[in-house]
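Please keep the sequence and the coordinates at hand while reading.

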Amino acid sequence: MNSEIHLLWDGDRQAGRLHIRQNPSVHQFFYKRGGHGKMANSRQTFGLFGWCLLIYAVLFQTGTIQAMVRGTPRISNRDSTVAVVALHARQIKQIDNRWTIDLLPDFHAWKPIPKITGAMISRLHCPWPAGLWKSVQLPNDYIVAGKVVKSGRLMASHGFLPLYPAWYRRTFSIPASAKGKTIWLNFGGVYRDAVVFINGELVGQHPGGYTAFRYNISRFVRYGESNTLAVFVDPRFFEGWWYEGGGIYRHVRLIITDKLHVAPWGTFVISKVPGEIHYGSPQGDYASAELTIRTTVDNAHKAGRRFTLVSRIIGPDGKVLQSIANSETLAAGAHKTFIQHAGLRHAALWSLSHCHLYHLETDLEARGRVVDDKRTTFGIRTLRFDPNRGFFLDGKHVEIKGTANHQDFPAVGIGAPNDLWYWRVDKLKAMGSNAYRTAHNPLASAFYRACDHLGMLVMDENRHLGDVYTSKTAPGSPYHKLTDLKAMILQDRNYPCVIMWSLCNEELYTEATAYGVRVFRAMMRAVHQIDPTRPCTCAYCVYKPTHAYFGGGFMKVENILGCNYSTSLFAQLHKEIPDKMIFGSEDINMFSDRGVVRTNIRAGHINEYGTAAHMWVKSGGPGLVGDRAPWLTLIPVMQHPFVAGAFVWTGFDYLGEPNPIGWPDVSSQVGSMDRCGFPKPCYYYWRAWWNRKRPSVYVFPAWTFPKSMIGRPVLVRCYSNCRRVALFLNGKNLGVKRMSKYKYLDWNVTYAPGLLTALGYDGPRVTARWSCRTAGRAAALRLRDEVPTLAANGENIVPVAVKVVDRLGHMAPYADNVVQFSVAGAGSIAGVCNGDPACHDSNVGHTIPAFNGLCMVLVRVADHPGKIIVTARARGLSAATLTIRTLATRAAKNNRWPRLFRGPLLPRAASIAK
């Protein structure tokens, strides 16, 4: 008898129930009914063969035949994604919906510690859901929803938002037919110290807040019944010194496999290009490639198993290029890595402009059926780190034009859905950046997929040196397990965008010590055992130009040299260590705030020029903000061809670590863009010099001032990569100036309302233009959605930019109107932001004041396709509406993410209500 199993997950109204429908086989069907009634008459005219062919076609169309062939029950579900995945032997269910949360702001049972003890865990009992429990959708950061409270230095690092534990709870069902299989519960990331229970039993504890982890829950679940999953999280202990949030902030998945299965993160494709690379094709570069496929298999059966390991290489066009099959044997309880080899004659190479991706389909076949399968995405490219010439990708020199960024987003904190990662990477690409440092921890898998698809290099960074969870590692700390480091390498090693592993950041107490060298060597051995293809580095602080730093400490053992804020020492470093490539792992950008003309320490604002305010105003540190300028990073990089490039601190402002001012600021002010992704003037500096082949010119400040400013001088600054720039006010030429390479131009202009225009010249002709007109009184709002295609999955979020304009549509650059939002249709408001570092309004509210003419609302899509109507209102201004259409999950293909950038803020699909 064949059984068609319908697994109704909690997304269905009849969650957790198992329905088994007995279906007679085709042969039995005709055997029992072949000679009776209408079937007999029909068979006489149509024929038995015709009926068999028709029924086979129906079964094939519904997926039943495929499931029979693969030896897997067919799963039907209202969620189309689940139905597709379930056709395979390995069943995967993302369980981000239907969670509830119980916040514990008054929790004082114990003080914040790196890891909750067993005695403390024994005191944990998840309360029964009552009125205090609230529904929540994952990914979720509940700390970001708190109220800003002025407190001490430690609270400042987290944006003055209170920290406290919470309970998460969800029910789920596993079918009775899954008994005897392996059930995995996979967490993408929990901040932090997650303690996981199923049906009241302790499953495990994961203290680290930045790495994925999973548990085999086969012995904890009740098959064919409802199960309760409870997770206690405690984010009060700091692993860093920036906003770290709190909660289950990445995806959670249930995975059902056979006891003979591919191990977690158990596939790895190593590519080599031994011969000539062919350049110049419109489709990108190509070459012959040799592939080494490593597949790690677990056998949890009580007896040995013979099986066939099948590996299929799928090309970027979706066609099977090669299939390899090997018969293998694995003893009971064994864990082994198997090696296979393949060759491709015309492999399309992954590059920054042609992001060709391949897929590895892995099947384990035993006893005539597929018992497990897995799909792995990979790319083929070459990496070279030349100590004299810098970095080479696919044999071509590539200047590293990098930014470093923390993982928080406006409104949602660290709980970002997949689409926001694509949005962020694309914003940086538009600025001219081609590299991203994951400061100071590994990120969500969606980030790496975005970099793979959009063409962004990644310096992937580990959080801690050794086996500790403190912000810095003290001498003598343990380093023998390295669990989190190994998890990062295993999880991220197939992404072609990752070009280097950063093992730590600014370990001031150990980086120049013998103990530090021992730890670093142990970490490098662990990394290269898992991935021998990429170099190890770190973000090193060269504070003292002594032998301990030049050729000693970590520099003695790491493969390439990443140096923080050491541009003045590049030449000396190269002389002392000539055999290793050097790059700036963290370098100067600029302290500034968008649209601010005059620094106001009390208000927490720094002017756009990045001058006239002291660094570390309240902590007494050295230097001036004026000393932190982007050209101080770029000029040394360009002067020394042996320097591969630099990662600027930072691409986006980030929540927490408010510097240089501190209170009332709750976020940093070092980004080229604010937290909303709105550009600051320094954005245009990088866009000019990182895109030197594309002429550009930009001038600031915005040419709108009070009448009292008429006749007074205004400093007008220009960022451009043109040879000469001419400035005009109301048609009058204010002078032509020659641009110094990698610098800027200034004019002192007597203010008069009107049109300010800059023209960039390369030779005799104008190659770039920028104009700014004096705006009138604020009159209306305009909206623009910044993500073009949205899947209606209940998680995705679209940032909607809001601009305050005058009656002619010109932006009102200093408008601070309070904007109120409402959403109707297939979506809801996730939160708001305005880019003001001193804004204390709720991140998850429905109102926000514009900051210098701009703000943002973030809209979460529903779990069904439809229209979302966003309305923005402000007193005294004409309201604006925006219609967003979401698509069914099958129709929205984020792996073909289109370019988003359309200028700093160009209105699209917005209407102004009369």
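Two strands are taken to pair if DSSP finds at least two bridges between them, and helices (H or I, at least four residues) and strands (E, at least two) are DSSP runs numbered from the N terminus. The model is a predicted one, in which local features need pLDDT of at least 70 and side-chain atom pairs count only at pLDDT 80 or more, while totals for chains, interfaces and linings use all residues. Residues are numbered from 1 along each chain as its sequence is written, and side-chain values use heavy atoms, with hydrogens and water left out.

Another open sheet of four strands has the order E37-E36-E39-E40, and its pairing is antiparallel. Its edge strands, E37 (732-738) and E40 (765-773), each pair on one side only, and the twist from one strand to the next averages 20°. Six bridges connect strand E36 (residues 724-729) with strand E39 (residues 755-762), which run antiparallel, and Val725 has Gly760 in E39 as its bridge partner.

**Helix packing**

Axes are lines fitted to C-alpha atoms, for helices over the stretch in contact, and angles run from 0 to 180 degrees between N-to-C directions.

| Helix pair | Angle between axes | Distance between axes |
|---|---|---|
| H8 (residues 418-431) and H9 (residues 445-454) | roughly 45° | within 8 Å |
| H10 (residues 483-492) and H11 (residues 514-530) | about 30° | 10 Å |

H10 is therefore roughly parallel to H11, whereas H8 and H9 are oblique to each other; angles under 35 degrees count as roughly parallel, over 145 as roughly antiparallel, 65 to 115 as roughly perpendicular and the rest as oblique.

A cavity is a set of points, on a 1 Å grid over the protein atoms alone, where a 1.4 Å probe fits but cannot get out, and its lining residues have an atom within 4 Å of a point. The lining of the largest cavity comprises 19 residues, with Val666, Arg675, Cys839, Asp841 and Asn843 nearest its centre.

Terms used: 1 Å grid on protein atoms, 1.4 Å probe; cavity = no way out; pocket = protein on both sides within 12 Å on 5 of 7 lines; lining within 4 Å.
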